[in-house]
Amino acid sequence: MTPDDYCQQKAAASGSSFYYSFLFLPAERRRAITALYAFCREVDDVADEVKEVDVARTKLAWWRTEVANLFAGHPQHPVTLALAPHVARFGLDAGRMNEIIDGMEMDLVHHRYADFAALERYCHRVAGVVGQLSASIFGYRNRATLEYAEALGIAFQLTNIIRDVGEDARRDRVYLPADELARFGLGAEDIVARRDGSAFRGVMAVQAERALAYYDRAYTRLPPEDRASQRAGLVMAAIYRALLDEIRRDEFAVLDQRISLTPLRKLWIAWTTWIRG
């Protein structure tokens, strides 16, 4: 198995909506974004699947070393080997890749967020930075496109948080701001206990409105001259907004199930969005 094959398998196995947006890219950019996605999956799996915090920290420290190896020209892991040909071509940087690892380290110790300012810092690290790296791979002429990519990445993460409330609660993780829960008479313990009701749906509606605002912010910050090159990001946005709409139609029934779109629907949205440009 080549490094590119490894990353392709990692991306396809995840079933992520992101995978569908990669299908229409030119080959080199597709290989680069697939390798970046595989890197994100590798470090995210450490945060999600390794139960011992010290072991998880050690594994993430290994990945920091491997990022340094990548930029020093001697990567060892299939993911960094796959990324290596694209570092200079697409302007990838170690600082942003290490910020992603910073976000995963937050997951090891921060299972509650006092307010949105704290949550936004986490979203920036695990998603906003990924958006910026992705925009570099897709290509841009106007640096304002990085602001679009940051906002879009955060919109995706907020959508993930809404979709995964129940799944995260089972891991004793609550990504809903404590001050907003309190406004509806709820606490983190209510989310962990997966207590449904009008108060829960009220706080979730607030989260959805915020996510929609970030999508709108992203769209308004995308310079017209970069719209064509950033079509893959727009495909992701169309799929994720459709998912968010589905969750809203189901009245945020996310505590005991994971709402998702079918692969065929994702592919249809991806194709139609790409054609529209």
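Arg41 and Asp44 lie 3 residues apart in helix H3 (residues 27–49) and are therefore separated by about one helical turn, helices being DSSP runs of H or I of at least four residues, numbered from the N terminus. The model is a predicted one, in which local features need pLDDT of at least 70, side-chain atom pairs count only at pLDDT 80 or more, and totals for chains, interfaces and linings use all residues. Residues are numbered from 1 along each chain as its sequence is written, and side-chain values use heavy atoms, without hydrogens and water.

The side chains of Arg41 and Asp44 form a salt bridge at 2.8 Å, N to O, the term denoting a side-chain nitrogen of Lys or Arg within 4 Å of a carboxyl oxygen of Asp or Glu. Asp44 is buried at 17% relative accessibility, whereas Arg41, at 22%, is partly exposed (buried, under 20% relative accessible area; exposed, over 50%; partly exposed, in between; 1.4 Å probe, protein chains only).

In total, the structure holds 24 salt bridges. One of them pairs Asp102 with Arg64 at 2.5 Å, N to O; because Asp102 belongs to helix H7 (residues 94–109) and Arg64 to helix H4 (residues 53–72), this contact ties together parts 38 residues apart in sequence. Another joins Asp245 and Arg248 at 3.9 Å, N to O, and these residues, 3 apart in helix H14 (residues 231–249), are separated by about one helical turn. Through shared partners, salt bridges also link Lys10, Arg41, Glu42, Asp44 and Asp45 into one network.

Definitions and conventions:
Helix = DSSP H or I, 4+ residues; strand = E, 2+ residues; numbered from the N terminus.
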